Every structure is written in C-alpha cells, then in structure tokens.
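Here is a brief report on the model shown below. It takes the chains in turn, then the contact between them.

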Amino acid sequence: MTSPLLEVRDVRKAFPIVRGHSLRRSVGSITAVDGVSLTLGTGETLGLVGESGCGKSTLARCILRLIEPTAGQIEFDGRDVLACDKRELRRLRRDMQIIFQDPYASLNPRMRVEQLVAEPLVVHEITATRRETRARVTELLQLVGLAEEHADRYPHSFSGGQRQRIGIARALATSPKLLILDEPVSALDVSSRAQILALLEGLQARLGLSYLFVSHDLSVVRYISQRVAVMYLGKIVELATRDALFHHPQHPYTQALLSAVPLPDPEHERHRRRIRLKGEATPDVSIIGSCRFRTRCPVARQVCAESEPPLESADASGHAAACYFPGTLHRT
Amino acid sequence: MSDRPALLEVRDLRVTFPTRAGDVHAVSDVTFSVGRGERVGLVGESGSGKTATALAISGLLPQSVSMSGSIRLTGRELTGLGRRDRRKLCGAHVGMIFQNPQSSLNPAMTVGRQIVEPLRLHLGLSRVSARTRALELLDEVGMPAPARSFDEYPHRFSGGMRQRAMIAMALSCRPELIIADEPTTALDVTIQAQILELLARLCAEHDSTLLVITHDLGVLAGLADRILVMYSGRILEEGPVDCIYHRALNPYTLALLAAVSRIDRPLEKLRPIPGDPPSGLQMPSGCVFHTRCPHVTGICRTEVPALLPGADPGHRCACHLAGHLDGLPLDAGARR
C-alpha cells in the first residue's frame, strides 16, 4: 500500500444523554465511537463490520463530518479534515461521497432522476451550461447501468436496485476519490444485491475509487473488501486482510459472528455447531477499563475484567485483535 | 408433495390487486400443500407474490383485492367464509410473525397486553390465567426477565427482543400453522441465529407446522424441510431442501443460488441475474422468467411450463428445458 488516502486516528464521538423538556440537561453521555484508528489506501476497499449500535455508521459520518467527532484526527488526501472551514469542507466533499442504505428514503421523491443526478453538479459548480449538465447526467447514468430514457422518471417508478444505482450516479457526479458505502445492499434482494456489488467492483476498477464499505453482512464484506475491520461497542476489535480474517479469525467476537452467518448448504447447516453468545451488546459504564466483549465472551477470564486489551498485531501481516486470548475459540 | 397428511392445501390461488394503472397479478395459479409438522420455505424476490400468498392464507388481504382458488386448513375451506368466521378460525389456528416487529407491534400497548389480547379473545381465558400464560410464553421465547418485560412498551426493546415478543404473540393460541414472513431480515447476524434457532426449537417441541417466507436462501438451509421457489406470482420449482440446494433444475433457482455471496466457499465472481423482474401489470407470455433466462428458447416465449416431477421424490419444476441444461455454463457454476 502506498501512502494512505484516508487516515483516521483515535476518533471519538460521544452523544449526550438529554433528560427533561423545558429544563433540558445533559445527564451523561454515550460514547458511540471510542478511539478508532484506521487507514485506507488508494483503490482499496476496507470493510467495516459490526452489529447495529456498534458505531460503524457514526464513524462513517464522522469521516465526512456529517456529524462532528468529539476528538481525534482525520486526514484525507493530505488534508486535515477536522481543521477545514465550511468552504474548504465543501470543496473536500467533492472528493468524498456517501451512499446510504435505504434507496427509498435517500432520494427526493419529487425530483426527477435527471434533477437528482444533476444536483451535485450544480451545487459544486462542476458543469457550466445546461447542455453540459445534461450530457454529464447521461454519461453518469450509463456508467451505473441506467438508460438515458430513465432521466425523466421519478424515483417511485424504479426498483430498489435501480434506485441504488441512481444514488451511486449522484455520488459519482463530483468524480470523488473515496466512496463511503453505508450498508449499500442491505435493503436489496439477493439478485439486485449481486448486481450492485458487481457494479461497485467494476466502477472501482475503472475509476480507481477507494471504498469504505460499512455493513453488518459478513458474506458481502468478504466479497468486496481487501481488508476488514470488526467493530464492537465503539471499538475496532479485529483488523486483518480479508483471507486472514475469514480463515483465521482471532477475536472471539469475530469467531462468533462468522459462526452465526447462515450458509446456503442444508447438509452443513444440520451439523453446524454455532458459538452462542449470551444476550445482546449493551453499552454501559461497567465496560470502561475492561474488555467490552467480556460479559458475552465464552473465553473471558479475570484479566479481561481488569484492563482493556489493546488492538495489537500478532504477526507481520498486520493482523490485529484486541483480545488477551486470541484464537482460543475454534470455529466448527 | 409431502408424505404427511396435509394441514394446509392451496389450490389454483390467484390474487389480483386493482391499481389505477390496471390489475396487478400478484399470484397466479399457485398450488401447494404443507404437511402437518412440516417446515416449508417459500423463497422469492420482492414482487414474487410470496407475501401476497401468506396474506391470502391468513385472511389479511384488503377487501378490494380479488382472490380466487381454494385454501383449505385442516380440511376446512377458508375462501368462502365470512369475515367473522374466518377471523375466528385463523386467529386461533394461524400465527403470524411479520418482518418488522417495530411496525407490527402496537407502540401504545404494553407487550404483555398484546399477548394477553388473543388469549382472552380466542381462547376465552380469564384475566389471571391469560397473564400467567403470557408470562410462560415470554419465558419460553427466551425473553430476559419475563415479569418485567410484560409491563414494558415495545420501544424499550431491541429488535431481537421485539421479534421474540412477536413470536410469543404468534404462539399464544398454540396455532397449528405458523407463518413467518421474513422473520429475521431486519436483525443482526447473531440475533438472526438466535431467532432461527428459537423457531426451530419451538416447532420441534410443539410439532407445529411452519411456513417461512424469505428472499434469503441462506436462512432456509438449516430451517426448512421443503422449499418452494416463487417468481412473478408463480411457483417455478419445489422440492426437499437438499434437492433444491444441490440438484435444482430450474434456471431461476440456479441463478438465485449463484447470486448469493457466501463465506464457506473459495471466492468467485458473483453472477447476478441480469435485468429486473416483470412489473406484474404486464406479465410476459409463456414462462414468466423467459425475459431474464440465459437459456431461453422459442417455446419459453409462448407456452407456460407446467410443474412436472423431477427425479427426486417430491421434486417438481416448471421449465421447458428442465433436465436438458447439463453442461451449460450457469448450470455447472451454480452446482459447484
């Protein structure tokens, strides 16, 4: 990997817990992202996996400064994202775009496809004349596999997969270097899911894009990513190259996640032993200064309650797991 | 079909939604049966008519929708019944679990009251015994602290706990048939695994019959005995679970399997099914899948293929080319 396109260092985001109506006061805070560091190279795809509430979407939004992180540093393409003022930020966002999960909610139903795709071109003053805009819109629609005649229709007349294509065309309008994809295929059927994944793959190869691919679906992340980070309650608990993570998962949480993925193979499913996790991930004060996964972990011991395991690489490949007993659980 | 006596028999079911643009044929000529104690999976993409089929069985389709054909539950015909009789019958004998527990639970009622309601209504239990029964149910579905959960409102629960509450409601009257419509689609993987395990365990314990509707073939492999594959309102293939996953004959089933990304195989390129399903307003002539099928020939465009038996017992496939696809690229790839 050459010098990274995106570098996130120790980013933290705490949301206040607010009580009361007329006398609103903050009674504490929830730390959704708690000291996350990661890098993303040019043309690379980093998968960010975790279950709902782990902070993966919050982190994605912090990188774009759609929400302001509480602490940390974010460097994108050699520029300090958090130091940017409004104008600089707008300029910066040409180069980093986001695609949201729900293509039914993220497109304005009262705008035609042409207007939707042209909006970023106009806002960022990329095209000067109407004719130029129209030509670029047609080009973008073709790029994502839609036809020119789709330009005059409204979002409601499209299927979920087609709507996601419109979202991708919008994101690509400013010729970004980085796409943050927040669960881009989770709302889609298997067949449109495969279409969108193939499209994203093709676009990356053609345009040299970098992807931060946020998802809870491990099979999709395995398909699209070169490296994968697993998040649990605001922290990255394991970070590795794709094959290392899927073949030799080290953190018990990663192992449990993998064992929970349903396989489309009846024979295998009948004899499969799952790692069963107790309860659900709940953020509370007791996790401070200890391993956050401890209360649900099948291999937790005394030391896990006494201090928090750091995210450390065990080998030269950079495979890192935040666990005192990595690899002790075995997947069947 | 199945060797067990049929609990549910659906024959020539047609469901048509009138819309401003014209009639949408959601379900056309669907015939299948579900044996007592059997677990059947109904697979299809959105718009395939799988949910419309489920709603037709449970009597929850709006009245404006026209429906024909026959639906028999334990031998009794449901289609001709009046609304009250039907509600009485389905309320007590059919339990429904919906995809999104967030929108299918009443936000203004405690979870306990929502479970007690059907018990009082359909089983005529007293207030006290209904409460006792509801607490048992909450415990049975693995709800932590049942007594406390009983008095909580749904918004206080996580997605997994809400789905457990839904399952408790669906099970409350000990229904003979449980219909689960995308029961785990909105859930995280570890919670999904818990819920699937719970459904399998409860069905085994009570010898319940289960009809699971999903677009995800991964979910069904460990849960279903038999699979029905639906596309554009028609059943294109049905058979025992191993047969569908390993010896499917229909190009649509094969394409669906090839489109699934999975973690148990060496990585290979996904092969998406090109194009989109037909709109329902204009059904293609002949085989409904012919517009996207890689093997389409002349007869596919003109004649509707019948569901004909395959080599395995209980295996039926609606394709003019079934059994003649060996060696074709999609076929070979999907099987390996």
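## Chain B: overall build

Chain B has 13 helices and twelve strands. The model is a predicted one.

Along the principal axes, the C-alpha atoms of chain B fill a box of roughly 65 × 50 × 40 Å. Buried residues account for 49% of the 336 in the chain. Take the contacts in chain B between residues at least 6 apart in sequence: 65% of them join residues at least 24 apart.

## Helices 7 and 8 of chain B

Helix 7 of chain B covers residues 159-171, and helix 8 of chain B covers residues 189-206. Their axes come within 10 Å and cross at roughly 15°. An angle under 35 degrees counts as roughly parallel, so helix 7 of chain B is roughly parallel to helix 8 of chain B. The crossing is right-handed.

Which residues make the contact? Helix 7 of chain B contributes B:G159, B:G160, B:Q163, B:I167 and B:L171. Helix 8 of chain B answers with B:I191, B:Q194, B:I195, B:L198 and B:L202. By class, this contact has six nonpolar residues, four polar and no charged.

## Helices 4 and 5 of chain B

Helix 4 of chain B runs over residues 111-123, and helix 5 of chain B over residues 127-140. Their axes come within 9 Å and cross at roughly 120°. Are these helices parallel or oblique to each other? Roughly perpendicular ends at 115 degrees and roughly antiparallel begins over 145, so helix 4 and helix 5 of chain B are oblique to each other. Helix 4 of chain B passes helix 5 of chain B in a right-handed crossing.

From helix 4 of chain B come B:G112, B:I115, B:V116, B:L119 and B:R120. They meet B:A130, B:R131, B:R133, B:A134 and B:L137 of helix 5 of chain B. The residues of this contact divide into six nonpolar, one polar and three charged.

## Chain A: overall build

The secondary structure of chain A consists of eleven helices and twelve strands. For its 332 residues the globule rule gives 20 Å, and the radius of gyration is 21 Å. These are close, so chain A is as compact as a globular protein of that length.

The C-alpha trace of chain A spans about 70 × 55 × 45 Å along its principal axes. Of the 332 residues, 46% are buried. Contacts in chain A between residues at least 6 apart in sequence join residues at least 24 apart in 65% of cases.

## Where the chains meet

How many residues of chain A are in contact with chain B? There are 34, and they touch 33 residues of chain B. Four helices of chain A each supply at least two residues of the side that touches chain B: helix 6 (190-207), helix 7 (218-224), helix 9 (252-260) and helix 10 (266-270).

Helix 6 of chain A gives the largest share of that side, six residues. By class, the residues on the side of chain A that touches chain B are 18 nonpolar, seven polar and nine charged.

Technical notes. Residues numbered from 1 in each chain as written. Chains lettered and ligands numbered in written order. Predicted model: local features only at pLDDT ≥ 70, side-chain atom pairs only at ≥ 80, totals over all residues. Rg over C-alpha atoms; globule rule 2.2 N^0.38 Å. Buried ≥ 20, exposed ≤ 12 C-beta atoms within 10 Å, placed from the backbone. Contact = placed C-beta atoms within 7 Å. Nonpolar A, V, L, I, M, F, W, Y, C, P; charged D, E, K, R; others polar. Axes fitted to C-alpha atoms, helices over the stretch in contact; angles between N-to-C directions. Parallel < 35°, antiparallel > 145°, perpendicular 65-115°, else oblique. Left-handed = near helix turned anticlockwise from the far one by under 90°.
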